[in-house]
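Please open the model in a viewer and keep the selection tool at hand.

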Amino acid sequence: MSKKRGLSLEEKREQMLQIFYKSQDFYLLKELEKLGPKRGVISQSVKDVVQSLVDDDLVLKDKIGTSVYFWSLPSCAGNQLRNTYNKLESDLSNSKKRYVELVEHRDNLKRGREDSEERESALEELKAVEVHHKKLKEELAAYADSDPAAVEAMKDAIDVAHSAANRWTDNIFTLQQWCSTTFPQAKEQLEHMYREQQQASRKCTHFSSWLISRSTY
């Protein structure tokens with residue numbers, strides 16, 4: 001023997017609505033949970049089914065004191081259908097109006113852009129101008145190193161590096177004097193190391209001077 005099929009959600013909603021329509025009375029939730037099984041809706045699902053009807057404005061509810069009552073009349077369903085119908089009519093009217101506006105806007109955009117020899121010639125000329133503009137930008141980027149602002153910034157950076165080299169030369173000289181006094185046995189090694197440092201410092205100074213002279217061209 002095949003098992004009896006349970007009701008779908010829509011069938012449960014219809015059965016619960018019939019309870020309200022036939023009695024046209026007010027109910028507490030616990031009363032509906034007792035009446036639901038008599039119409040094939042198990043008590044555990046009555047609350048969710050009734051709430052879905054409330055959400056769709058097919059069942060009304062109100063709190064009176066500490067109790068919440070539910071009710072619905074056949075006219076409620078009619079009102080809900082009329083509200084839905086009116087909303088759909090309004091949406092359709094707005095959509096038609098918007099469609100007309102878009103068509104009119106499209107036609108306005110097309111006006112003056114019809115295919116013609118003049119239009120094709122203008123488009124070709126525009127394309128040529130864009131290509132030339134791109135080429136000029138590339139050439140300008142190639143001369144970025146000669147930009148006065150870039151050259152001035154480079155000179156400032158060289159001056160800072162030059163000053164830093166001189167400052168560290170003075171620091172090393174002071175350190176050499178201190179080491180020679182403190183460690184006299186290592187005086188020759190320290191002087192040899194200092195001479196090497198002086199040669200490197202002079203090279204750095206000459207290079208900085210060369211960069212400064214080049215940047216002024």
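A salt bridge is here a side-chain nitrogen of Lys or Arg within 4 Å of a carboxyl oxygen of Asp or Glu. The model is a predicted one, and by this rule it holds three salt bridges.

Begin by selecting residues 9-23, which form helix α1. The 15 residues of α1 reach 22 Å from the first C-alpha to the last, close to the 21 Å expected. Colour its buried residues next: K12, R13, M16, L17, I19, F20 and Y21. Just after α1, Q24 takes a positive phi of about 50 degrees.

Now display the side chains of E10, R13 and D56, which are linked in a network of salt bridges. E10 and R13 meet at 3.4 Å, N to O; both lie in α1, three residues apart, about one turn of the helix. E10 counts as exposed at 54% relative accessibility, whereas R13 counts as buried at 9%. From R13, turn to D56, where the closest N and O atoms of the pair are 2.9 Å apart. D56 lies in the loop between α3 (43-55) and β1 (60-64) and R13 in α1, so this pair ties together parts that are 43 residues apart in sequence. With a relative accessible area of 32%, D56 is partly exposed.

Finally, select helix α4 (residues 74-110), in which R98 and E101 are three residues apart, about one helical turn. Their salt bridge has its closest N and O atoms 3.6 Å apart. R98 is partly exposed at 47% relative accessibility, and E101 is partly exposed at 36%.

Technical notes: Residues numbered from 1 in each chain as written. Predicted model: local features only at pLDDT ≥ 70, side-chain atom pairs only at ≥ 80, totals over all residues. Heavy atoms only, no water. Helix = DSSP H or I, 4+ residues; strand = E, 2+ residues; numbered from the N terminus. Expected span 1.5 Å × (residues − 1). Buried < 20%, exposed > 50% of the residue type's maximum accessible area, 1.4 Å probe, protein only.
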